[in-house]
Amino acid sequence: MRKRVGIMGGTFDPIHIGHLILGESAYQQFELHKVLFMPSGNPPHKKNREGRASNEERIEMVRRAIASNQHFELSLEEMHEQGYNYTRETLERLTMLYPDTDYYFIMGADSLLNFETWKDPQEICRLCVIVAAVRDCMPMHQLDEQIARLNEKYCADIRKLETPNLDISSHVIRNWVAEGKSCRYYVPKDVLAYIEERKIYRNLPPDMCESE
Ligand code: ATP
Ligand code: MG
């Protein structure tokens with residue numbers, strides 16, 4: 001029997017309930033064997049990382065957030081010394097290593113909307129099932145239309161994750177921490193304790209501090 005493994009990729013800066021609920025819902029809806037939480041590498045030259053969590057801190061936050069869930073697993077597949085990895089390459093590597101596994105790549109609607117700007121969308125569609133969740137109060141019909149269009153264009157297997165709109169983002173959490181507002185319940189408590197302990201996001205540069 002083939003294995004079904006979910007991939008929840010992200011910057012996780014920090015990880016929040018949106019990511020965790022997506023992983024859990026995909027696990028259940030698609031009867032997955034497990035879900036890999038895969039923090040993406042962040043090469044210093046690519047992004048302004050001022051005031052943000054380091055790679056090690058992002059990894060530790062993911063580790064803490066998923067510790068109590070037996071079918072969640074941390075994967076450092078996209079964490080390399082040299083920084084960045086493309087999804088296509090990651091999927092190619094995994095499918096070579098584990099040919100008896102079907103991968104379910106989980107993402108929010110914002111990611112699906114800009115999916116065609118990703119490197120090699122056609123190849124990504126060949127290598128995995130994509131699972132997309134509604135986000136940012138996007139009308140459901142808009143997500144449905146995008147799924148139908150991409151399925152047709154790339155002969156893809158994109159499916160909708162049955163989750164409610166989870167109105168939260170890492171961006172908002174970072175701002176709340178910087179402003180001293182409570183993020184309780186939006187972020188697992190062990191992660192919040194770590195953010196506090198390491199004083200992460202306390203000093204965001206002012207231009208990154210405005211609300212979305
Ligand atoms: P940031 O605000 O820094 O962009 P984020 O909240 O979007 O952070 P990411 O790490 O960028 O989190 O997201 C990883 C994946 O999880 C993306 O595919 C994104 O669409 C999805 N995602 C994150 N939060 C949600 C949410 N609340 N609802 C649905 N999908 C989400
Ligand atoms: Mg994002």
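View 1. Four bridges connect β5 to strand β6 (residues 158-161), and the two run parallel; strands are DSSP runs of E of at least two residues, numbered from the N terminus, and two strands pair if DSSP finds at least two bridges between them. This is a predicted model, in which local features need pLDDT of at least 70 and side-chain atom pairs count only at pLDDT 80 or more, while totals for chains, interfaces and linings use all residues. Residues are numbered from 1 along each chain as its sequence is written, chains are lettered from A and ligands numbered from 1 in the order in which they are written, and side-chain values use heavy atoms, with hydrogens and water left out. L161 in β6 is the bridge partner of A133. With β4, β5 pairs in the parallel sense over five bridges, and I106 stands opposite V131 in β5.

**View 2. Side chains of β5.** Five of the five residues of β5 are buried (under 20% relative accessible area, with exposed over 50% and partly exposed in between; 1.4 Å probe, protein chains only). V129, V131 and A133 point one way from the strand, and I130 and A132 the other way.

**View 3. R159 in β6.** R159 lies in strand β6 and counts as partly exposed, at 29% relative accessibility. Not counting residues up to four places away in sequence, R159 touches F30, Y104, V129, I130, V131, A132 and I147, where contact means heavy atoms within 4.5 Å.

**View 4. The largest nonpolar core.** This core, a set of buried Ala, Val, Leu, Ile, Met, Phe, Trp, Tyr and Cys residues joined through side-chain atoms within 4.5 Å, has 33 residues, and I15, F37, M61, I106 and L161 have the most contacts inside it. Its largest share, four residues, comes from α2. Beyond residues up to four places away in sequence, I106 touches residues including I7, L22, V35, V131 and L161.

**View 5. Helices α2 and α8.** Helix α2 (residues 55-66) and helix α8 (residues 189-198) pack at an angle of about 150°, with their axes 8 Å apart; axes are lines fitted to C-alpha atoms over the stretch in contact, and angles run from 0 to 180 degrees between N-to-C directions. Helices are DSSP runs of H or I of at least four residues. The two are therefore roughly antiparallel (over 145 degrees). Among the residues that meet are E56, M61 and R64 in α2 and D190, Y194 and R198 in α8.

Notes:
Parallel < 35°, antiparallel > 145°, perpendicular 65-115°, else oblique.
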